[in-house]
Amino acid sequence: MKQQFTEFVHARYQALVRHGAMLTGDRGHGEDLAQEALIKTYRAWRKLYPDGDPEAYTRKVMVRAAWRAGRRFWRREVPTGVLPDTPVRDDFAVRDTAELVLGALRALPAQQRVVLVLRYWVDLPEQDIAAMLGCSPGTVKSRASRAIAALRAMDGPLADAFSLSTAGQGG
C-alpha cells in the first residue's frame, strides 16, 4: 500500500502543486494545499487503490479546501512591510504571462478564483463545478461572471501584456 501511494505522489505531485497554485493564487500556498490533500488521500488510500481514482479524490479535496478558505476571515499569515529576502531581478518577468495570470488570479477572492480555475483550467462544466462545491449552478455562473469582470477591469501588467500582444497584430 505504501509503495503504491509513494509512486502516485512521485508521478503526480508537480501537477497537483500547479493545480493548488492556480486555486490559491500562490505557489507556496498551492504546495501547502497539495500536501494537506495528500495527507487525506493517504488516509483514504485503502478505499482508493486499486479501483478508485486517487488523483480525482486529491483534486476534489484541494478544491473544497480552497473554496472553504475563501470563507475564512483570517488566513494564518500576516503580511509584513519589509521582506526578509531581496528578490533577484528578472528581466523577462514583465512578459511572463503565467506569472501575470497568477498575479491576477491572486487578486480575486478565493471563491471566484476557484470557480475560474475549475471552469477554464480544468474545463469542467458549470453543473459539475456546482456539484463539487455544493452550491447551485447560478452561484457558479455569478462567481465566474464577477471574476471575469474584475479581471477585465484590472489595470497593470496583465492588461499591459495583452495590449502589447494585440498591438502588433494590426487592427
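# Exercises on an all-helical chain

Asp123 is located in the loop between α6 (110-121) and α7 (126-133). Helices (H or I, at least four residues) and strands (E, at least two) are DSSP runs, numbered from the N terminus. The model is predicted, so local features need pLDDT of at least 70 and side-chain atom pairs count only at pLDDT 80 or more, whereas totals for chains, interfaces and linings use all residues. Residues are numbered from 1 along each chain as its sequence is written, and side-chain values use heavy atoms, with hydrogens and water left out.

**Exercise 1. Describe the backbone at Asp123 and at the peptide bond between Tyr49 and Pro50.**

Step 1. Phi of Asp123 is near 65 degrees, a positive value in a residue that is not glycine.

Step 2. Asp123 is exposed because its relative accessible area is 56%. The classes are buried (under 20% relative accessible area), exposed (over 50%) and partly exposed (in between), with a 1.4 Å probe and protein chains only.

Step 3. Tyr49 and Pro50 are joined by a cis peptide bond, with omega at about 5 degrees. Pro50 belongs to the loop between α3 (45-48) and α4.

Step 4. As background, most residues other than glycine have a negative phi, and most peptide bonds are trans.

**Exercise 2. State how many helices and strands the protein chain has, and characterise its burial and its contacts.**

Step 1. There are nine helices and zero strands in the protein chain. Read from the N terminus, the order of elements is α-α-α-α-α-α-α-α-α.

Step 2. Of the 171 residues in the protein chain, 33% are buried. The chain exposes about 11,500 Å², of which carbon and sulfur atoms supply 54%. Accessible areas are computed by the Shrake-Rupley method with a 1.4 Å probe; for residues, only the protein chains shown count as cover.

Step 3. Consider contacts (heavy atoms within 4.5 Å). Among those in the protein chain between residues at least 6 apart in sequence, 67% join residues at least 24 apart.

**Exercise 3. Determine which residues Thr41 touches and which residues are in contact with Thr58.**

Step 1. Thr41 is placed in helix α2 and Thr58 in helix α4.

Step 2. Thr41 counts as buried because its relative accessibility is 0%. Thr58 likewise counts as buried, because its relative accessibility is 0%.

Step 3. Residues up to four places away in sequence are not counted for Thr41, which then touches Phe5, Phe8, Leu48, Pro54, Tyr57 and Thr58. With Phe5, Thr41 has a C-alpha separation of 8.8 Å, the two residues being 36 residues apart along the chain.

Step 4. Leaving aside neighbours within four places in sequence, Thr58 is in contact with Phe8, Leu16, Ala37, Leu38 and Thr41.

**Exercise 4. Trace the salt bridges of Glu55.**

Step 1. A salt bridge is a side-chain nitrogen of Lys or Arg within 4 Å of a carboxyl oxygen of Asp or Glu. The structure holds two of them.

Step 2. One pairs Glu55 with Arg12, with 2.8 Å between the closest N and O atoms. This pair links distant parts of the chain, since Glu55 is in helix α4 and Arg12 in helix α1 (residues 2-24), 43 residues apart.

Step 3. Another pairs Glu55 with Arg59, the closest N and O atoms being 3.0 Å apart. Glu55 and Arg59 are separated by about one helical turn because they are four residues apart in helix α4. Shared partners join Arg12, Glu55 and Arg59 into one network of salt bridges.

Step 4. Glu55 is buried because its relative accessible area is 18%. Arg12 is partly exposed at 29%, and Arg59 is partly exposed at 21%.

**Exercise 5. Which residues gather in a patch of positive charge on the surface, and which helix gives the most to this patch?**

Step 1. Patches are made of residues with over 30% relative accessible area and no salt bridge; like charges are joined within 9 Å, and nonpolar side chains (Val, Leu, Ile, Met, Phe, Trp, Tyr) within 5 Å. Lys and Arg count as positive and Asp and Glu as negative, while His and the chain ends are not counted. Each charge is placed at NZ of Lys, CZ of Arg, CG of Asp or CD of Glu.

Step 2. The positive patch on the surface brings together Lys40, Arg43, Lys60, Arg64 and Arg68.

Step 3. At least two residues of the positive patch come from each of α2 (27-43) and α4 (54-69). The most is given by α4, with three residues.

Step 4. Arg43 lies in helix α2 and counts as exposed because its relative accessibility is 69%.
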